[in-house]
Amino acid sequence: MENLDWKNLPFGYMKTDYNVRCSFKNGKWSEIETSTSEYIDIHIAATALHYGQEAFEGLKAYMGIDGKIRLFRWEENAKRLLSSSDGIKMAEFPIEKFREAVYKVVNLNKRFIPPYGSGATLYIRPLLYGSSAEVGVKPASEYQFIVFVTPVGPYFKGGIKPVDMLICRNVDRAAPKGTGIYKVGGNYAASLRAGVAAKEMGFASAIFLDAKEKKYIDECGPANFFGIKDNTYITPKSESILNSITNMSLIEVAGSLGIKTERRQVPVEELSEFSEAGACGTAAVISPIGKIVDPDKNIIYEYCKDGKPGPVTMKLYNKLLAMQYGDIPDEFGWISFVE
Ligand SMILES: Cc1ncc(COP(=O)(O)O)c(C=O)c1O
């Protein structure tokens, strides 16, 4: 693709050549089909539209300096989609078919994979939804699975930069035994009020607390939270947060760098004890947090006083990113090549 300004791509949608689709009917998944349309025909009574029977995933394809296309832990996305399907009673999409669909859509859109060194990547978005008509509240009998891709620019243009976040107590994203652990559209709809309010006040994201007691950190909008204290990576354990694949990976990367790790409840007051804090997810790998404002308690927690991410954050970020692009050996067996 010659005329794309890869370095200045936004983190947004752009049309590519193809997407792939598969339907579930009479208890069986069809073969994977290729489409050039960006649109779907959907029944006006589809359960996805009325009862939120929809789940999605997000992963990236990276172009290495060797010209090889790499995927990062795609099996974890396939497994998480299975878990989301179970969580909202949808037909399960088989792991091997997920692989076939992702490889196919990446191959078909090779010309949109950003070049090595641009900081941009090809974002891959699988989605699954209930497509058959129901009027009563019950699971659909038919489903659609689609994967589209879109090139996205580097999350931080001009290098990794700390962002500010706002603690939110007046909106809950997910209840303790609700759907917060699944990657389903309803959770994101529920988070929008808080996210929009935080952005209007100049923050990058809202930080959600546990819905029951409002004592512990849950998540940072669409990313997991971590704090660093005494050379230890500490990340919340909660029954209402998404199990981030980036976070799972950072825990292992931390171990390989001699950094201790803890996954446990993180009380809000502990924010004052961290030397560094960050949000992690596929989009940015890590967004270092400069400041967390707690408006109800009138407290500001500050981390990057010099305006730069902390040393532990940078070590983790650099190692994970280098592994994703193939700059360093894949010591954990997380990379698959799309040929
Ligand atoms: C609510 C939420 N938490 C955390 C994450 C980070 O997960 P991952 O590292 O798998 O992208 C995401 C993004 O997928 C998310 O939407």
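How many salt bridges does the count come to? The count comes to 19 salt bridges in this predicted model.

## Salt bridges between separate parts of the chain

One of these pairs joins Arg111 and Asp17, whose side chains meet at 2.7 Å, N to O. Arg111 belongs to the loop between helix H3 (95-108) and strand S7 (121-130), while Asp17 is in the segment before strand S1 (19-25), so the bridge ties together parts that are 94 residues apart in sequence. Arg111 is partly exposed, at 42% relative accessibility, and Asp17 counts as partly exposed at 23%.

Arg169 and Asp296 form another salt bridge, with an N to O distance of 3.1 Å. Arg169 is in the loop between strand S9 (163-168) and H4, and Asp296 is in the loop between strand S16 (285-294) and strand S17 (299-302); the pair links distant parts of the chain, 127 residues apart. Asp296 is exposed, because its relative accessible area of 52% is over 50%.

## A salt-bridge network

Lys229 and Glu273 also meet through their side chains, at 2.7 Å, N to O. Lys229 lies in strand S12 (residues 223-229) and Glu273 in the loop between strand S14 (260-264) and strand S15 (276-281), so this pair ties together parts that are 44 residues apart in sequence. Lys229 counts as buried, at 18% relative accessibility, whereas Glu273 is partly exposed at 46%. Both residues belong to a network of salt bridges that links Lys229, Glu262, Arg264, Glu270 and Glu273.

## Helix H5

Helix H5 (residues 245-256) has twelve residues; at 1.5 Å a residue they should span 16 Å, and the end C-alpha atoms are 17 Å apart, which agrees. Ser244 caps the N-terminal end of H5, with a side-chain oxygen 3.2 Å from the backbone nitrogen of Thr246. Just after the helix, Gly258 takes a positive phi of about 80°.

The buried residues of H5 are Ile245, Thr246, Asn247, Met248, Ser249, Leu250, Val253 and Ala254.

The largest pocket has a volume of about 1,200 Å³. Among its 47 lining residues, Phe11, Tyr155, Pro222, Ala223 and Ala283 are the closest to the centre. Helix H4 (residues 185-200) gives the largest share of this lining, seven residues. By class, the lining of the largest pocket comprises 26 nonpolar, 14 polar and seven charged residues.

The second largest pocket has a volume of about 360 Å³. It is lined by 21 residues, of which Gly119, Pro154, Tyr155, Tyr317 and Leu321 are the closest to its centre. Strand S5 (59-63) and helix H6 (311-325) are the elements that give two or more residues to this lining, and the largest share, four residues, comes from H6.

Conventions: Residues are numbered from 1 along each chain as its sequence is written. This is a predicted model: local features need pLDDT of at least 70, side-chain atom pairs count only at pLDDT 80 or more; totals for chains, interfaces and linings use all residues. Side-chain values use heavy atoms; hydrogens and water are left out. The expected span of a helix is 1.5 Å times one less than its number of residues. Buried means under 20% relative accessible area, exposed over 50%, partly exposed in between (1.4 Å probe, protein chains only). A polar contact is a pair of N or O atoms within 3.5 Å; within protein, one must be able to donate a hydrogen and the other to accept it, and residues adjacent in sequence count only if both atoms are side-chain atoms. On a 1 Å grid over the protein atoms alone, a cavity is a set of points where a 1.4 Å probe fits but cannot get out, and a pocket is an open set with protein on both sides within 12 Å along at least five of seven lines; lining residues have an atom within 4 Å of a point. Grid points are joined across faces, edges and corners, and a volume is the space filled by probe spheres set on the points. Ala, Val, Leu, Ile, Met, Phe, Trp, Tyr, Cys and Pro count as nonpolar, Asp, Glu, Lys and Arg as charged, and the others, Gly among them, as polar. A salt bridge is a side-chain nitrogen of Lys or Arg within 4 Å of a carboxyl oxygen of Asp or Glu.
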